[in-house]
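Visitor: Could you walk me through this model? I'd like to go by topic and ask as we go.
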Amino acid sequence: MSKITFDNISKTFINRNGQPTRAIDKVSLEIEPEKITCVLGPSGCGKTTLINLLAGYTFPDEGHIFNDNQYIKGPGIERTVVFQDQALFLWKTVKENIEFGLKCQKINKTQREKIADEYIEKFGLSGFGNNYPHQLSGGMKQRVGLARALATRPKVLLMDEPFSSLDEQNREILQEDLLRIYYEAKPMIIFVTHNIEEAIFLAHTIVILTKRPGKIKSIIKVSLPSPRTSEIRNSAEFFQLRQHIWKTIREEIK
Amino acid sequence: MKLTITKFIIPILFILLWQASTAGHGQNFQILPSPVKVFLAIINLFREGQIITDILVSLKHVLIGFLIASPIGIAVGIVLGYSKTAKKLLAPLIEFIRPIPPIAWIPLAILWFGIGDNPAYFLVFLGAFFPIMTNAYFGVVSVEENYKRAALSLGAGKKEIMADIILPAASPSIFTGLKTGLGISWFMVITAELVGSQSGLGYMIQLNRLLLHTDKVIAGMVIIGICGYFMNKTMEILEDKLLPWRPTS
């Protein structure tokens, strides 16, 4: 069971003029297995840096990140990433995109196709398996991105504002699709967003960051009932939580 | 329908102007023969048959030189784009040779390979190699980092990064290099045959210049143009077939 621990980590970037900018400042945090954790904060607060550190694309200057008591040494198949711009392989069909992680694991063609077909079905992409990404709408592209990341059944799913470029309706539908798959496979999900309602709807725990350099401002447990349905968005509890979080974040934007 | 007519207005005006400028001074046909004379010369060339051999010889020169240059150019470009060490080692030499126009190699080509097919292959190779290599290099270095990151997080190793990410992502740029390379090959083959060969379309127009058969010289030029056009079209069709994933080509 995956558990991720941030132990007092800091990360500084050097910009083009040689000036250091601290993106993350002394963050300590424990992320629970099998839960959805949303990281919320004003833009430029180091949210994406957190995802890049977790993915192993970059490393902290100070402190350590552990996954199951092991240092994160680089990208790994147990931690897949869903990108804001999807990063779909434009030269591969929908089906080939979904199969890619399985192919890397040397799973044979028949088995791969079977799993890919299953995910195509699950994400409402039936009939589009042989299309190329440029033939799809934004919402469908992000479904392919999700299906591709989930087809390998990762223990940890890292999501970097995956729905932020979608329209309201598509975003809500994809949030619900994500929860549906989550209840089935129960991966740990770390979901970065700047959308408060998205965070409340999805998260068990919301971590709010301060403006740059990113520090933890507060950690909020969301005790809305599970499984969550779209009606929850209209509940009094949801509304109160939104007010509370908005107030907290507002202090950072001013 | 309207568009197709528009396309022909300028060419037709051009031919009419050409015809008008040659009317009335028939004795000057060695300087500029009329389009009618050139058209008749083309028909005659095909009737005599030698021109078909010349076309095939030129195509052979182009294809062999181009087919040697393509894999080498693509491979060198990819290695330079992928490995920083290879770039440090090879880039200075390549950057030194690249600005030398391939035509400047003609004296050496004749010295080394004599007169015949070989200098043509060599010059076509030189002409095609650099655009193919450069475009492959830029294709590889401009692969977006996010594709590699996505692949790594899906468990890709070095082999998958190269075969599934870098090569296909760079392929439109590689194809651009091949198209440019083939165009330059065609320039180079005619140049090579003008000076260092005893067959081919370049040799044919050079020979007819010496014989003062200007109508045949221009006929040869027209045929060179038509062949180049069809070679370029073939590449475009090939590109659409091989890279169907690109948005609106």
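Visitor: First up, is A:C104 buried or exposed?
Guide: A:C104 counts as buried, at 9% relative accessibility, where buried means under 20% relative accessible area, exposed over 50%, and partly exposed in between, with a 1.4 Å probe and protein chains only. Before going on: this is a predicted model, in which local features need pLDDT of at least 70 and side-chain atom pairs count only at pLDDT 80 or more, while totals for chains, interfaces and linings use all residues. Residues are numbered from 1 along each chain as its sequence is written, chains are lettered from A and ligands numbered from 1 in the order in which they are written, and side-chain values use heavy atoms, with hydrogens and water left out.

Visitor: And what about A:C38, buried or exposed?
Guide: A:C38 is buried, with a relative accessible area of 0%.

Visitor: How many disulfides over all chains, then?
Guide: There are zero disulfides over all chains, a disulfide being a pair of cysteine sulfur atoms within 2.5 Å.

Visitor: Switching to the fold: in what order do the six strands of the open sheet in chain A come?
Guide: The order is β6-β7-β8-β3-β9-β10, with mixed pairing; strands here are DSSP runs of E with at least two residues, helices are runs of H or I with at least four, and both are numbered from the N terminus. Two strands pair if DSSP finds at least two bridges between them.

Visitor: Which strands stand at the edges?
Guide: Those are β6 (79–82) and β10 (216–221) of chain A, each of which has a single partner strand, so one side of each is left without a neighbour in the sheet. Neighbouring strands of this sheet are turned by 15° against each other on average, direction ignored, with axes taken as lines fitted to C-alpha atoms, for helices over the stretch in contact, and angles running from 0 to 180 degrees between N-to-C directions.

Visitor: How many bridges pair β6(A) with β7?
Guide: β6(A) and β7 (residues 156–160) of chain A pair in the parallel sense over four bridges, and A:T80 has A:L157 in β7(A) as its bridge partner.

Visitor: Which strands does helix α1 of chain A touch?
Guide: Helix α1 (residues 47–55) packs on the sheet and touches β3 (36–40), β6, β7, β8 (188–193) and β9 (205–209) of chain A, its direction making about 150° with that of β7(A); contact means heavy atoms within 4.5 Å. Helix α5 (residues 168–185) of chain A also packs on the sheet, touching β3, β7 and β8, and its direction makes about 160° with that of β8(A).

Visitor: Where does A:R143 sit, and what is it in contact with?
Guide: A:R143 lies in helix α4 (residues 138–150) of chain A and is buried, with a relative accessible area of 12%. Leaving aside neighbours within four places in sequence, A:R143 is in contact with A:F123, A:L125, A:N170, A:I173, A:L174 and A:D177.

Visitor: Now the interface: how many residues of chain B are in contact with chain A?
Guide: 21 residues of chain B are in contact with 25 residues of chain A. The two chains bury about 2,000 Å² between them, 66% of it on carbon and sulfur atoms, where buried area is the accessible area (1.4 Å probe) that two parts lose on being put together, summed over both.

Visitor: How many salt bridges are found across that interface?
Guide: The rule finds three salt bridges there, a salt bridge being a side-chain nitrogen of Lys or Arg within 4 Å of a carboxyl oxygen of Asp or Glu. A:K103 forms a salt bridge with B:D164, with the closest N and O atoms 2.8 Å apart.

Visitor: What about over all chains, how many salt bridges?
Guide: The structure holds 31 salt bridges over all chains, and one of the pairs is A:R233 with A:E176, at 3.2 Å from N to O. A:R233 lies in the loop between β10 and α7 (236–253) of chain A and A:E176 in helix α5 of chain A, so the pair ties together parts that are 57 residues apart in sequence. A:R233 counts as buried at 16% relative accessibility, whereas A:E176 counts as partly exposed at 29%.

Visitor: And in chain B, what does B:D117 form a salt bridge with?
Guide: B:D117 forms a salt bridge with B:K60, the closest N and O atoms being 3.2 Å apart. This pair links distant parts of the chain, with B:D117 in helix α6 (residues 117–141) and B:K60 in helix α3 (residues 50–82) of chain B.
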